[in-house]
Amino acid sequence: MVNYRLVHILSLCVAANGYIALLPSHHMSLLTPPSSRRSTQLYSLYENHPHWHWPDDSSSSENYSNEPIFYNDFDLIAIEQESDQFWESPSAKQSSSIPANLRPTKTPDTTISDFLNTRISQVTKDSRQLLKNWRNGHTKSYGAFTINEQYLLNKEENKEDDPDSIPFDWVRRVDIGQYPRVACGSAHGSIFVADTTSKQVMGAARAVHYSEHSDEYTNALDEQLRQYIYGEYDGGGVLDVAMFGKNIVASAGREGGVKLFKLLEDGNQAELVPQGDVQALIPLITGALPIVVTCMKFDSYGRLYLGCSDGFLRIVTFPQDFVFGDGADLDSQYLHVTVVPHWSEQAPSPILSLDVSEELEMVVTSHVNGNVCLYSMKEHEDVYNMASGRREHVGVIGVWNPFTADESYARSVTFTSKESLHGHKHAVVVGGGNGEVWVNDIYPEYEESN
């Protein structure tokens, strides 16, 4: 997403070997000390692993603590370092809130005016350096946790040959909930919830989706749709995963439908408890193929948006006490599922990607036939629905196909925005299967698409 505002960017990188890597901004060092929560035994396994890095414990103990460390993008001391020094560990905290280079000395000729002038000069210099850091886009990554924690412990204890032992797994999908909580879907069809601060997996639901390593589920993903999603490089496993808050997870597998989970915590103990399936996605006729969900995303209200293989956008609404409470009393049979009407001039085409903009109160989807569909989700008024020709609560307000020349498919789509001389501009960015990226401006003030 293109965004010209200076915001704190923190992303997660999926590694094929089951590790999750954190990518902070260039000028910040997020290397924290080994948490007191992880076992000494587990640390010894990671210490020499070629893809796992813990901070150097040889540094002075006063530089590290087990307390949470908060970082400021505009930290004066960190920013004034040269670019080749940005990878160093955070320096010890100053005893005063005023940086050492800005503290007034005891020299009689030092005045408040001198101090303020020095401060202005320093802030100007630091602001320029900060802008340079963001424009360069350099990052430093480090291992946040591994989903193979239990596997590594079993290997250390020579239990890997046990038929019931946990196999080595690979991360296939990741979503960030309430930081530092993240959810992962694996190649073996398992779901994990982890904490990137403590570097621990908090809960796991193993083999709950179809995978090539298990015959418990039937693969409902047809070969053509699989080619659109993965091309020639299919790692198997979970199709998508979404997380809301610190404890609610939704996941989609190749067997079809959506499974729901909630992380229940009791002191130092945590368990990822299944909450059932979204029943509206399960076929009522025996032998009929279920609806495969290719993409999903939560909004800040806990509503779950689903992009489905039948070409329809669906919205799942949960009870508020389940979304914002700590209990696990969801009855998935009574979930409210809205099927958004499709644009009727063309047959529905499978959805491959979606994005939600709460600022615009819109959703955008990309389809196999190359279409990009824009939906209005405004609650306070009706909009013109292209699918029905009437003003309704939810509906398609725009359809765009930039790939008509070579009939490629629209693989991925997202909203973007930026500040301009004419105000805040919004656009949709879509990537095609032919390698092209297209941008189309959207104008929220015009609800009815021409």
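Rings of Phe, Tyr and Trp (its six-membered ring) pair if their centres lie within 6.5 Å; planes under 30 degrees apart count as stacked, over 60 as edge-to-face and the rest as tilted. By this rule, ring pairs link F244, F298, F318, F322 and F324 into a cluster. The model is predicted: local features need pLDDT of at least 70, side-chain atom pairs count only at pLDDT 80 or more, and totals for chains, interfaces and linings use all residues. Residues are numbered from 1 along each chain as its sequence is written, and side-chain values use heavy atoms, with hydrogens and water left out.

**Aromatic pairs**

- The structure holds seven aromatic pairs.
- One of them, Y228 with Y409, is edge-to-face, at 4.8 Å centre to centre and 70° between the planes.
- Y228 lies in helix α5 and Y409 in the loop between β21 and β22 (410–420), so this pair ties together parts that are 181 residues apart in sequence. Helices (H or I, at least four residues) and strands (E, at least two) are DSSP runs, numbered from the N terminus.
- Y228 has a relative accessible area of 21% and is partly exposed. Buried means under 20% relative accessible area, exposed over 50%, and partly exposed in between (1.4 Å probe, protein chains only).
- The ring centres of F244 and F298 are 5.7 Å apart with the planes at 45°, so that pair is tilted. It links F244 in strand β8 to F298 in strand β12, 54 residues apart.
- F244 and F298 are both buried.

**Nonpolar cores**

- A nonpolar core is a set of buried Ala, Val, Leu, Ile, Met, Phe, Trp, Tyr and Cys residues joined through side-chain atoms within 4.5 Å.
- The largest has 22 residues, of which V258, M296, L304, L306 and F318 touch the most other members.
- Two or more residues of this core come from each of β8 (240–244), β9 (248–252), β10 (258–266), β12 (293–298), β13 (304–308) and α6 (320–324).
- Apart from this core lies another, of 14 residues, among them V364, W400, F415 and V428.
- Leaving aside residues up to four places away in sequence, M296 has contacts (heavy atoms within 4.5 Å) that include D240, A250, V258 and Y305.

**Helix α3**

- Helix α3 (residues 112–136) has 25 residues and should span 36 Å at 1.5 Å a residue, which agrees with its end C-alpha atoms being 36 Å apart. The expected span is 1.5 Å times one less than the number of residues.
- Q122, D126, L130 and N133 of α3 are buried. In an α-helix there are 3.6 residues a turn, so residues three or four places apart point the same way.

**Open sheet**

- Four strands form an open sheet with antiparallel pairing, in the order β16-β17-β18-β21. Two strands pair if DSSP finds at least two bridges between them.
- β16 and β21 (395–400) stand at the edges with a single partner strand each, so one side of each has no neighbour in the sheet.
- β17 and β18 (residues 372–376) pair over five bridges in the antiparallel sense, and the bridge partner of T365 in β18 is C373.

**Backbone exceptions**

- Most residues other than glycine have a negative phi, and most peptide bonds are trans.
- Y179 and P180 are joined by a cis peptide bond, with omega about 15°; P180 lies in the loop between β4 (171–176) and β5 (181–186).
- A207, not a glycine, has a positive phi of about 55° and sits in the loop between β7 (200–205) and α5 (223–230).
- E361, also not a glycine, has a positive phi of about 55°; its loop runs between β16 (351–357) and β17 (362–367).
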